[in-house]
Amino acid sequence: MSFSKRCKKEVLKKEPINPEAELLCVLNFIGSIRISNGGYNIVFKTYSNTEARYIYNIIKDAYNYSSVFEIKDLANGDRLFTVLIDNDPISEEIMKKSNEFFINNSADLEDVPFEYIKSFLKTSFIFKGSVNDPQRGYNLEISTADKESADLVKKSMEVFELNPKINIKKDCQVVYLKDSDKISDFLAIIEANKSLFELENVRAMRSIRNDINRQTNFDKANIDRTVNASLKQVDAINLLIKQNEFYKLADDMIEIGELRLANPYASIEELGAMVDPPMSKSKVNYRLQKFIKMAEDLL
């Protein structure tokens, strides 16, 4: 199962943020109205048992009413799940509240309770959204049919400072998040805590790997610089020996030079520790640089 499906399954099985608000949002996404015997029925159809059970439960929570739950086996092997509200007074009440609900009346979001906005974002993700496996990159998106719907999702995300963007495609408009911090915030808003923990684990491991890679690259660069400098010093000392200038130098210079020839890959600090008495790094480095300067003067 993909990370996106696991995330949706998690939030579908959690306690609703606000049962009635979530029901009104789901009605907007996959609900339909059926006229029956002069009254109204509300119908929800889905191919997902988890989604159907979720819809059944939020109806129960919001109205203390057990809706009709139907399962139909299709010829192609799929199963169609139907949740039906066949109680006229409840159906009429839901329809009335739906017309007044903020997603259908262009309400100012500053006047809308956070629970309603969270419920809208949660159901938008369940029925219209997806999120990448964090192992493969960071991207969360919600597809909408038109600009008005995309703007509502975007403004709802902006209430929580998620900084969403809109990508206009041929047949839809997609509201998306690319920043891993914002995706984590979104998962926290819809209470997908297990998925959030999984994402944060991946982020932590990726950060550790990046730190290790940076340190490895830094260490390799230091080693390369040390080796290149050492070889340059060895070449300089060998030239001085060839030109019969090396053994004319002071004893401390000769001692450092011979140690460098015997230990071409030792660090300056290690060379200083080989001298008796030990010599500081700055003093060793001064003598090694002096070899190079003397060799350059001979060329």
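Modeller: Helix α9 (residues 251-262) packs against helix α11 (residues 281-298) at an angle of about 85°, and their axes are 10 Å apart. That makes α9 roughly perpendicular to α11. Angles under 35 degrees count as roughly parallel, over 145 as roughly antiparallel, 65 to 115 as roughly perpendicular, and the rest as oblique. Axes are lines fitted to C-alpha atoms, for helices over the stretch in contact, and angles run from 0 to 180 degrees between N-to-C directions. On the α9 side the contact (heavy atoms within 4.5 Å) is made by D252, M253, I256, G257 and R260, and on the α11 side by V284, R287, L288, K290 and F291. These residues divide into five nonpolar, one polar and four charged. Here Ala, Val, Leu, Ile, Met, Phe, Trp, Tyr, Cys and Pro count as nonpolar, Asp, Glu, Lys and Arg as charged, and the others, Gly among them, as polar.

This is a predicted model, in which local features need pLDDT of at least 70 and side-chain atom pairs count only at pLDDT 80 or more, while totals for chains, interfaces and linings use all residues. Residues are numbered from 1 along each chain as its sequence is written, and side-chain values use heavy atoms, leaving out hydrogens and water. Helices (H or I, at least four residues) and strands (E, at least two) are DSSP runs, numbered from the N terminus.

Next come the aromatic rings. The structure holds 11 aromatic pairs. Rings of Phe, Tyr and Trp (its six-membered ring) pair if their centres lie within 6.5 Å; planes under 30 degrees apart count as stacked, over 60 as edge-to-face, and the rest as tilted. F125 and F186 have ring centres 6.0 Å apart and planes at 65°, so this pair is edge-to-face. F125 belongs to helix α5 (residues 114-128) and F186 to helix α7 (residues 180-189), 61 residues apart, and the pair thus links distant parts of the chain. Both residues are buried, a word that means under 20% relative accessible area, with exposed over 50% and partly exposed in between (1.4 Å probe, protein chains only). F246 and Y247 also form an edge-to-face pair, with centres 4.8 Å apart and planes at 85°. F246 is buried, at a relative accessible area of 0%, whereas Y247 counts as exposed at 54%.

One aromatic cluster is formed by F29, F101, F102, Y116, F120 and F127. F101 sits in the loop between α4 (88-100) and α5 and is buried, at 6%. Although 80 residues separate F101 from A21 in sequence, their C-alpha atoms are 8.2 Å apart.

The strands remain. β5, β6, β8 and β7 form an open sheet in that order, with antiparallel pairing; two strands pair if DSSP finds at least two bridges between them. β5 (129-131) and β7 (165-168) stand at the edges with a single partner strand each, so one side of each has no neighbour in the sheet. On average, neighbouring strands of the sheet are turned by 25° against each other, direction ignored. Three bridges join β5 to β6 (residues 140-144), and V131 has L140 as its bridge partner in β6. Helix α7, which holds F186, lies across β5, β6 and β8 (173-177), at about 65° to β6.
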